[in-house]
Amino acid sequence: MNKGNPEEDKKKVKTLADLKGQPIRLNRFIAHAGIASRREADTLIKAGQIKVNGQVVTELGTKVIAGEDKVYYRDQEIQPESYIYLLFNKPKNTISTTKDPRGRKTIMEIIQPHISQRVFPVGRLDRNTTGLILLTNDGELAKKLTHPSHQVRKLYHVTLNKEVPEDHLMQLLQGVELEDGIAKADKIDYVSGANSNEVGIEIHIGKNRIVRRMFEHFGYQVTGLDRVAIGHLTKKNLPRGRWRELNRKEVDFLKMI
């Protein structure tokens, strides 16, 4: 464990394995292991939840030698693991959390048995919403993608119980007042080739059930809600209930958002 002030290696790396033998900040070590973002790691350190070589460490800025010092969280050694980034096409009637106290089926039950790394969902889709959701063990990227300041676009195909007049589309573009503030669409239009009860809406807001609530504001019942795009990622060639690993170019693009 190193508490000195040598210049930390700033080379961009993919995993902790790339940092073997190098002194790195403890919060960076934790983030690279996929436990939490750097900011969240600082909170864990200050709370005394991190041990290095058997000793509790609470000093921010502490450095460890990757591959030599042993770092523990909740008395479990943090094992270096490679990052994995999955795009999953969520089916209906599944919960997008790691576990459900009511025993309902989760997306983790579908995915986790088939991969060696543990992953967690980036954001949420409610039980009856289908479509794209990202899963990763990269805590820093997950934190970035869910922060509203980065304005990651999400495109939904919405099916409603009745036709939607154009003036409602315009009002959604301008913004509607919900119980937790103004919500507005970035883009909205009828789905090409479909009836006028099917709408495509693009938003970057991450509030709970936001698309459903925007339409419920006008008295509509959402009978189908499908997320068809996240940023530049689409459902092309990805059947419902299946997933694929993102390629390097796709990951780099997400990191540039």
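Colleague: Which residue lies over the face of Tyr220?

Modeller: A charge sits over a ring if NZ of Lys or CZ of Arg is within 6 Å of the ring centre and within 35 degrees of the ring normal. Here Lys162 lies over the face of Tyr220, at 5.3 Å from the ring centre. This is a predicted model, in which local features need pLDDT of at least 70, side-chain atom pairs count only at pLDDT 80 or more, and totals for chains, interfaces and linings use all residues. Residues are numbered from 1 along each chain as its sequence is written, and side-chain values use heavy atoms, with hydrogens and water left out.

Colleague: How many aromatic pairs does a search of the whole structure find?

Modeller: Rings of Phe, Tyr and Trp (its six-membered ring) pair if their centres lie within 6.5 Å; planes under 30 degrees apart count as stacked, over 60 as edge-to-face and the rest as tilted. The search finds three pairs. One of them joins Tyr83 and Tyr85, edge-to-face, with 6.3 Å between centres and 80° between the planes.

Colleague: Is Tyr83 buried or exposed?

Modeller: Buried means under 20% relative accessible area, exposed over 50%, partly exposed in between (1.4 Å probe, protein chains only). Tyr83 has 7% and is buried; Tyr85, at 5%, is buried too.

Colleague: Tyr85 belongs to strand 7. Which way do the side chains of strand 7 point?

Modeller: Helices (H or I, at least four residues) and strands (E, at least two) are DSSP runs, numbered from the N terminus. From strand 7, Tyr85, Leu87 and Asn89 point one way, and Leu86, Phe88 and Lys90 the other. Six of its six residues are buried.

Colleague: In which sense do strand 7 and strand 9 pair?

Modeller: Two strands pair if DSSP finds at least two bridges between them. Strand 7 and strand 9 are antiparallel, over six bridges, and Lys90 has Gly131 as its bridge partner in strand 9. Strand 17 also pairs with strand 7 in the antiparallel sense, over three bridges; there Phe88 stands opposite Trp243.

Colleague: Which side chains of strand 10 are buried?

Modeller: In strand 10 (residues 154-160) the side chains alternate. Strand 10 runs antiparallel to strand 14 (residues 198-203), with six bridges, and to strand 15 (residues 222-230), with seven. Val158 has Val199 as its bridge partner in strand 14 and stands opposite Leu225 in strand 15.

Colleague: Which residues of helix 2 are buried?

Modeller: An α-helix has 3.6 residues a turn, so residues three or four places apart point the same way. In helix 2 (residues 38-46) the buried ones are Ala41, Leu44 and Ile45. Seen down the axis, they fall within an arc of 100°, so they line one face of the helix; the arc is that of the directions from the helix axis to the C-beta atoms. Arg39 and Lys46 are exposed on the face turned away. The buried residues pack against helix 1 (26-32), strand 2 (50-52) and strand 5 (71-73), where contact means heavy atoms within 4.5 Å.

Colleague: Which are the buried residues of helix 7?

Modeller: In helix 7 (residues 248-256), Glu250, Val251 and Leu254 are buried. They also fall within an arc of 100° down the axis, so they line one face of helix 7. Lys249 and Met256 are exposed on the other side. The cover over the buried residues includes strand 7 (85-90) and strand 9 (130-136).
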